[in-house]
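Dear colleague,

Please find the structure below for your records. My notes on it follow directly after.

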Amino acid sequence: MDVLFGRDKKEQPEPVKARVTGKIPTWLQGILLRNGPGRHTVGETRYNHWFDGLALLHSFTIRDGEVYYRSKYLRSDTYNANIEANRIVVSEFGTMAYPDPCKNIFSKAFSYLSHTIPDFTDNCLINIMKCGEDFYATTETNYFRKINPQTLETLEKVDYRKYVAVNLATAHPHYDAAGNVLNIGTAIVDKGKTKYVLFKIPATVPEDRMKGKSPLKRTEVLCSIASRSLLSPSYYHSFGVTENYIVFLEQPFNMDILKMATAYIRGTSWASCLAFHKEEKTYIHIIDRRTGKPVPTKFYTDPMVVFHHVNAYEEDSCLLFDVIAYEDSSLYESFYLANLNQDIKENFKFTSVPTLRRFAVPLCTDKDAELGSNLIKLASTTARALKENDDQVYCQPELLYEGLELPRINYAYNGKRYRYVFAAKVEWSPIPTKILKYDVLTKSALQWGEDDCWLAEPLFVPTPGAENEDDGIILSVVISSDPQKPPFLLILDAKSFTEQARAYVDVEVHLDLHGLFIPDTDFDSGKQAPSQEVRDGASNCHVV
Ligand SMILES: CC1=C(/C=C/C(C)=C/C=C/C(C)=C/C=O)C(C)(C)CCC1
Ligand SMILES: [Fe+2]
């Protein structure tokens with residue numbers, strides 16, 4: 001398991017040429033840019049949790065059937081401070097750090113107090129966000145970092161709080177057809193209230209672009225939802241959108257703000273301030289994007305923990321949404337390095353298997369419907385919404401598939417009726433050994449896997465001018481625990497889920513989390529084409 005979690009990964013800032021087998025489609029030109037934790041020790045100190053690791057960006061640049069790989073640590077303030085001190089000095093999700101061990105009692109007390117309202121980390125290890133013309137590495141705190149998608153260089157540190165009052169925001173924003181970013185964040189005890197704030201960052205406005213003004217300056221709040229509790233707002237990792245609505249799950253997996261405020265003094269991590277309350281409900285908030293107002297009916301379901309929304313859409317006055325749900329918060333427990341570094345096949349057991357669940361909520365509730373009646377009359381799902389007293393509706397999902405995570409779709413179908421979920425298949429381990437294509441219509445699945453191989457989130461790239469939802473290819477990064485087999489970029493035909501090509505690289509590649517594909521056409525014509533720049537600097541030692 002050392003190849004997956006134990007070893008700190010070496011960065012490879014100079015592009016290396018990959019050895020390609022099979023045939024890469026000629027239309028596939030661009031950069032697969034991904035993010036994830038690459039290093040878990042600094043000097044003698046070690047992080048406790050896999051999600052704490054220092055962000056390592058990596059990219060596969062694909063041009064004319066050739067592939068070039070590079071990777072670079074995000075030079076966050078966190079990274080720089082740790083390296084300078086030669087130990088971990090900034091707290092992460094599962095590790096609380098104490099920067100000044102030698103200070104006297106007075107400065108120690110001051111340090112404790114100043115951490116009551118902590119300055120969170122800018123170690124943006126989770127995802128990549130496109131915002132206007134720019135690309136950013138993201139995490140779930142108030143910080144994100146601009147990056148150069150071609151060289152993987154780290155640029156400005158951005159604080160969401162300068163543009164919108166949130167202390168935390170998801171690393172999974174949505175994009176509308178115009179390229180505007182939609183995201184949701186939590187404002188903690190802001191003017192006496194804790195709320196979830198839905199906001200929009202517009203795609204570049206032409207006049208702003210001429211003046212070099214950032215679209216972030218035009219960030220606008222679309223809607224705020226009051227948290228059910230002032231001091232323990234819900235933790236969430238993503239949300240759903242349809243053409244007219246936003247879906248936000250206020251799940252009983254809460255952050256205890258008072259515990260967070262005293263965590264530093266008590267010597268515990270942020271992670272220990274999160275708790276799942278299995279006796280509480282999950283509230284389903286539906287916000288009308290046209291009015292910015294929540295739908296007044298109170299929808300709820302059983303307690304569950306959702307990290308990833310898959311998709312959502314409207315059908316016959318109902319809103320359907322698909323999520324990967326757990327019965328508890330054990331996913332976060334399983335990523336403690338102490339659990340992962342043992343023989344995980346021997347020691348690891350999911351206490352709750354991630355399942356694909358479809359929920360349906362009625363958008364117009366019939367006032368005269370009988371109590372206990374099912375308000376969903378759709379033939380397409382067995383999900384139910386049962387009318388209860390006091391304007392409450394209890395939603396029961398349809399179980400679609402068991403054992404999957406890291407879902408992706410053809411994003412052109414985001415918010416629309418869709419058919420295919422591409423995901424990692426997780427059976428016994430939190431790290432996938434297969435990827436799959438699940439058809440929500442026929443409820444059948446295709447899968448791809450190979451012995452000793454560990455696969456990353458499968459990403460769908462559409463064929464130019466695609467007619468069908470699955471006209472395109474799947475990209476996934478594969479790492480092997482067999483030392484004889486180098487890591488590779490896997491390219492599958494998305495329709496048949498069969499291999500088209502792979503691109504082996506003779507350097508270390510880390511297990512990552514999320515990312516995106518930037519087609520060459522997305523780069524400004526004025527900017528240098530990525531592959532040309534890559535070719536100029538490429539080391540040829542890996543040419544076949
Ligand atoms: C540092 C920090 C946080 C970081 C959370 C992270 C880094 C979560 C990663 C989640 C992933 C990768 C989920 C995958 O499904 C919190 C708790 C938001 C708030 C306190 C400060
Ligand atoms: Fe995620």
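Strands β10 and β11 (residues 143–147) pair in the antiparallel sense over four bridges, where strands are DSSP runs (E) of at least two residues, numbered from the N terminus, and pairing requires at least two DSSP bridges between them. The two form a hairpin with four residues between them, and Tyr136 has Lys146 in β11 as its bridge partner.

This is a predicted model, in which local features need pLDDT of at least 70, side-chain atom pairs count only at pLDDT 80 or more, and totals for chains, interfaces and linings use all residues. Residues are numbered from 1 along each chain as written, chains are lettered from A and ligands numbered from 1 in the order written, and side-chain values use heavy atoms, without hydrogens and water.

On its other pairing, β10 runs antiparallel to β9 (residues 127–131), joined by five bridges; Lys130 stands opposite Phe135. Five of the five residues of β10 (residues 134–138) are buried, meaning under 20% relative accessible area (1.4 Å probe, protein chains only).

The iron ion (ligand 2) has His172, His237, His308 and His514 as protein donors, each through NE2 and lying 2.1 Å from it. Donors are N, O and S atoms within 2.8 Å of the metal (3.2 Å for Na, K and Ca); water is not among the atoms, so sites may look incomplete. His237 lies in the loop between β17 (220–226) and β18 (240–241) and His514 in strand β40 (residues 514–519), so this pair ties together parts 277 residues apart in sequence. His237 is buried at 6% relative accessible area, and His514 is buried at 2%.

Yours sincerely

Technical notes: Buried means under 20% relative accessible area, exposed over 50%, partly exposed in between (1.4 Å probe, protein chains only).
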